[in-house]
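Hello,

Here is the structure for your files. My notes follow it.

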Amino acid sequence: MNHHSAWPVVMSVAGYDPSAGAGVAADLKTFAAHNCYGVAAITALTVQNSQGVASVHPVELPVLKETILSLLADGRVCAIKVGMLANQAAAEVLDEILTAHPELPAVLDPVICSSTGVALLDAAGVDYLRQRLLPRAALVTPNLSEAARLVEMPVENVDHMRAAARKLVELGARAAVVTGGHLEKPVDVFFDGTNLEQFVGDRIRPDNTHGTGCTFSAAVAANLALGRQVRDAVVLAKAYVVEAIRNAFPVGPGRLPLNHLYRMMQPARLSDHSPVVAESTP
Ligand code: PLP
């Protein structure tokens, strides 16, 4: 058996969310759920739990660059997912890497701000991403507010999303999917330069989820690594995210992380969840 083709290697370049709902931890779980081997270069550490992001700590630039280069030097990476970059300097590193590797499909999740309102990319980084990284992307996957920032127009309904998807391709992305998970009737709008399509879904509960964008873009990257076309990769990634949301469970009092590994979950036994109380020494 050819292990390379059976287990394609997918690389995530993203932030670290220690609560494992978003960022590289979510990406690695998503890759595993797709029978891919995940590797990751961390752009920034964040301090966060289910209740939100407390602070962001960019990784030193040479460490980021050397990590990506050493992973690529192993020669097995089939696709790249780019998530949170934190600042322009990290975006410049990605521009250099993606320019040197045009053969690697890159899924660009233009992470700008957390749902709780914390900046995850500086303003110069947003401009740089628009100008330099969009033209390197096989697919860009903004939500409504990210799309609005990138195309500099309001993106609040399906007509706006259609215009935004076209504009993102005009700006250089090979394809774009604007995700509308927050709309009353959730719709994703996909444009590949030729066909404009709407993928409609039912609103699924729970809807206070964390890491949906990260998970969706990682699932697309995994499907591309498995050899699927961009449109099919998007359709399959959406179906995966819907099931991961449907199977979500709380890990704290705040928002629910997706259940990335729902396909592997065994029924939980009550005894597994009894809190372990440390014995106190007098
Ligand atoms: N933390 C990291 C590292 C992220 O990459 C993201 C989003 O991409 C977030 C936090 C925010 O995720 P959410 O808005 O789903 O809470």
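Which side chains does Asp232 meet in a salt bridge? The partner is Arg231, at 3.7 Å from N to O. A salt bridge here is a side-chain nitrogen of Lys or Arg within 4 Å of a carboxyl oxygen of Asp or Glu. Asp232 is partly exposed at 35% relative accessible area, and Arg231 is partly exposed at 34%. (Buried is under 20%, exposed over 50%, partly exposed in between, with a 1.4 Å probe and protein chains only.) Shared partners also join Asp95, Arg132 and Arg136 into one salt-bridge network.

This is a predicted model: local features need pLDDT of at least 70, side-chain atom pairs need 80 or more, and totals for chains, interfaces and linings use all residues. Residues are numbered from 1 along each chain as its sequence is written, and side-chain values use heavy atoms, without hydrogens or water.

The salt-bridge count is 12. Lys81 pairs with Asp27 at 3.2 Å. Lys81 is in strand β4 (residues 77–82) and Asp27 in helix α2 (residues 23–33), so the bridge ties together parts 54 residues apart in sequence. (Helices, H or I of at least four residues, and strands, E of at least two, are DSSP runs numbered from the N terminus.) Lys81 is buried at 0%, and Asp27 is buried at 0%.

Ser115 places a polar side-chain atom 2.6 Å from a ligand oxygen. A backbone N or O atom of Gly211 is 2.8 Å from a ligand oxygen. The protein covers 91% of the 390 Å² of accessible area that the ligand has on its own (Shrake-Rupley method, 1.4 Å probe).

Best regards

Key. A polar contact is a pair of N or O atoms within 3.5 Å; within protein, one must be able to donate a hydrogen and the other to accept it, and residues adjacent in sequence count only if both atoms are side-chain atoms.
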